[in-house]
Amino acid sequence: MDNTSAVGLSVPLIHAEGVTKSYGGVRALLDGRLTLRRGEVHALLGGNGAGKSTFLSILTGIVRADGGQVNIKGRPVRYMRPSDALADGIAIITQELSAQPEMTVAQNLFLGIENNAAGFLNDRAMIADAKKLLDTLGFDLDPNAKMKRLSVAQQQIVEIAKAINRRSDILIMDEPTSALGDRETEILFEAIRRLRSNGIGIIYVSHRLTDIFQIADRYTIFGDGRFVETGNIADIDRAGLIRLIVGRTLPDQVREQKLAVTEPLLEVRDFSAATLFTDINLTVCKGEVLGIFGLMGAGRSEFAEALFGNARKDRGEVKLNGQPIDIKSPTDALSAGIAMVTEDRASTGLILLSSIRDNISLPALRQFSRGGIIKGKAEAASVRALMEKLRVKAASSATRVRNLSGGNQQKVVLAKCLNTSPKFLICDEPTRGVDEGAKREIYAFLADFASRGNGALFISSEVPELIANTDRIIVFKRGSIVAEVKSAETSQEQLLHLAS
Ligand SMILES: Nc1ncnc2c1ncn2[C@@H]1O[C@H](COP(=O)(O)OP(=O)(O)OP(=O)(O)O)[C@@H](O)[C@H]1O
Ligand SMILES: [Mg+2]
């Protein structure tokens, strides 16, 4: 270290050691350790359930540590509540979006500070300020829009703007890009670089290693609640990081199509919904995984939700195995054999207050009930098998989903879908927030699923993932299909070019 450490500027923003936290019997954090300097982006990495979010919740006063030492700008602290951390200039964007569905963007941006001395005289001033803030950050959002009308990505951007607006010098981002497309990620990174050059320190959590190499200066890795290693990003490569995160080497794998593609499984004809998407026609054969690519707002998710009966469509026909099916609700889709892994697990995928077991078995109860009586044993066995298969990390199947780490929640979403024994799977960002090891398991599962004569739609904004795990990719642009390519013959550049 340098010899000017008596001078304020060289004192680290955060220096934490030996931080511990247990929830009941669950030891979430055994040795949390991290040093954050001014003007750096520090990646905090580790598998699902490694203790990252727990550690960050302690730094930001959301939960209290059991033990250990945290120094903020040279001063030992022990925060009792989030406002203590905010007062010290620490802002956090949490992994799960704080839902303020009825508020407008502007109201949410200034939440908690509307009534201070510089308070807004009226809504108009607030909206003008919100517009100015969003413009400065390069975020293209309407300050008058209601939060519930925004996509996950847009809501995330509002949270980021809100944190930046609080003039914090420590900014903590827990998977900020997990729901963003390339273009929005780039906008976010530009904002982060600007903050960094102003001396702000940023802790950045992500399972997207590509993002880490683009934006981070240093890294710290946690594994099973313990500090593993810290270093400079410039001194390590992707394979090296993966080895430290999952504790083993993972080979790159590319999908091999195992079945000859001859028999149509899912046929979609002239699917349309007002301004969202128009005349979507596609066929997925038995054994196929069809990718859908598009930029934010291209209509991919809207189409997938409508296909699953979860959003409206105006017209269009669907056939499964040659039989016309009429899907008016997710229940219709499920009973026809179509399941969906949703992008926004908190609002559409899971019942957070219920147990893992209840969440997984809910849509499949029919299978386990005979004359209205649920066959408890069969249900429990099926839940256990799925939890093992996907390596859900939890004390037991009775654990509430709310108490799981983000990645483990996403695994429960997948388990819930698989438990309905679908023939066709719609996957919308299925690996969102999932660690590198579990991603491979999801990919392998999908390949195996297709090879048994099933089919899938795979939507992902991570292009390498999309290319590696699909057979064909159709490109959405402003609600229409504008191109179709073979996955083995395309590239990131070509897809981006076709979509923009
Ligand atoms: N409120 C809680 N009650 C019980 N257990 C909890 C609670 N919060 C977290 N845990 C457990 O603590 C462990 C660490 O979770 P944490 O959320 O910190 O992981 P993470 O590294 O952020 O993982 P991810 O990458 O999946 O987000 C997990 O096993 C989790 O189930
Ligand atoms: Mg987390």
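Which residues does R472 touch, not counting residues up to four places away in sequence? Select R472 in this predicted model and display its surroundings: the residues touched are T283, V284, E288, V289, L290, G291, E484, V485, K486 and S487. One of these, E288, has its side chain joined to that of R472 by a polar contact of 2.8 Å. R472 has a relative accessible area of 17% and therefore counts as buried, the cut-off being under 20%.

β21 belongs to an open sheet of six strands, with mixed pairing and the order β16-β19-β20-β13-β21-β22. Go to the edges: β16 (338–341) and β22 (480–486) each have a single partner strand, so one side of each has no neighbour in the sheet. On average, neighbouring strands here are turned by 20° against each other, direction ignored.

Inside the sheet, pick β19 (residues 424–428) and β20 (residues 455–459), which run parallel and are joined by five bridges. D428 has I459 of β20 as its bridge partner. Then show helix α16, residues 436–451, lying across β13, β19 and β20 and running at about 155° to β19.

For the last stop, select β9 (residues 218–223) and β10 (residues 226–232), an antiparallel pair with six bridges. R218 is bridged to N232 in β10. This hairpin has two residues between the strands, and D224 takes a positive phi near 45°.

Note on methods
Residues are numbered from 1 along each chain as its sequence is written. Chains are lettered from A and ligands numbered from 1 in the order in which they are written. This is a predicted model: local features need pLDDT of at least 70, side-chain atom pairs count only at pLDDT 80 or more; totals for chains, interfaces and linings use all residues. Side-chain values use heavy atoms; hydrogens and water are left out. Buried means under 20% relative accessible area, exposed over 50%, partly exposed in between (1.4 Å probe, protein chains only). A polar contact is a pair of N or O atoms within 3.5 Å; within protein, one must be able to donate a hydrogen and the other to accept it, and residues adjacent in sequence count only if both atoms are side-chain atoms. Contact means heavy atoms within 4.5 Å. Two strands pair if DSSP finds at least two bridges between them. Helices (H or I, at least four residues) and strands (E, at least two) are DSSP runs, numbered from the N terminus. Axes are lines fitted to C-alpha atoms, for helices over the stretch in contact, and angles run from 0 to 180 degrees between N-to-C directions.
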